[in-house]
Amino acid sequence: MQTNHNPDIKLICTVKFFRGKRKEFPDLNSGKYCPHFIIKDDVRYLGICFIDGQEADFDTWIKCCVSLLYKDMNYSELVLGTKFNIMEGPNVVGEGVVDDIVSKKWLNDIGFSVTFQVVHS
């Protein structure tokens, strides 16, 4: 598949990474952490890349921003409220929900700078 880091569409999500599934909390700001989402009750891996998020600890809900990774992948079921698992290979390392779908152009037009706060459950 051709990578794209679809520059126009971003997902704002609330996610939680599970303690004991990774050695370290992933760097959500480097643009290099690219696991997959699997929509709950589905089996298809959807390639994404975390591009912004806060540093936090495991088992803590946080806000983040992800980019859709592949041009030829069908992401149409990632709509508002969609719940998903975060996958590293066959391992479920976290879970989340889609909070918003935004265009990068719109974010730039309004001067949006992503700053997140820890959300406690």
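Tutor: Asp99 counts as partly exposed, because its relative accessibility is 29% (buried is under 20% relative accessible area, exposed is over 50%, and partly exposed lies in between, with a 1.4 Å probe and protein chains only). The model is predicted, so local features need pLDDT of at least 70 and side-chain atom pairs count only at pLDDT 80 or more, while totals for chains, interfaces and linings use all residues. Residues are numbered from 1 along each chain as its sequence is written, and side-chain values use heavy atoms, with hydrogens and water left out.

Asp99 forms a salt bridge with Lys63, and the closest N and O atoms are 2.6 Å apart. The pair links distant parts of the chain, with Asp99 in strand E6 and Lys63 in strand E4, 36 residues apart. A salt bridge here is a side-chain nitrogen of Lys or Arg within 4 Å of a carboxyl oxygen of Asp or Glu. Lys63, at 25% relative accessibility, is likewise partly exposed.

By this rule there are eight salt bridges. One of them joins Arg22 to Glu88, with 2.5 Å between the closest N and O atoms. Arg22 belongs to the loop between E1 and E2 and Glu88 to strand E5, so this pair ties together parts 66 residues apart in sequence. Arg22 is partly exposed at a relative accessible area of 23%, and Glu88 is partly exposed at 25%.

Glu95 and Lys40 form a further salt bridge, at 2.8 Å from N to O. Because Glu95 sits in strand E6 and Lys40 in the loop between E2 and E3, the pair ties together parts 55 residues apart in sequence. Glu95 counts as buried at 17% relative accessibility, whereas Lys40, at 33%, is partly exposed. A network of salt bridges links Lys16, Lys40 and Glu95.

The strands named above belong to a barrel. Six strands close into it in the order E1-E4-E3-E2-E5-E6, with antiparallel pairing, and the twist averages 45 degrees from one strand to the next. Strands (E, at least two residues) and helices (H or I, at least four) are DSSP runs numbered from the N terminus, and two strands pair if DSSP finds at least two bridges between them. In their hairpin, which has six residues between the strands, Asp41 takes a positive phi near 70 degrees. On another pairing, E2 meets E5 (residues 83–88) over four bridges, and Met87 in E5 is the bridge partner of His36.

The largest nonpolar core has 27 residues, and Phe17, Phe37 and Phe50 have the most contacts inside it. Strands E1 (9–17), E2, E3, E4 (62–68), E5 and E6 (91–103) each give two or more residues to this core. Such a core is a set of buried Ala, Val, Leu, Ile, Met, Phe, Trp, Tyr and Cys residues joined through side-chain atoms within 4.5 Å. Leaving aside neighbours within four places in sequence, Phe17 is in contact (heavy atoms within 4.5 Å) with residues including Arg22, Phe50 and Val93.

Note on methods:
Axes fitted to C-alpha atoms, helices over the stretch in contact; angles between N-to-C directions.
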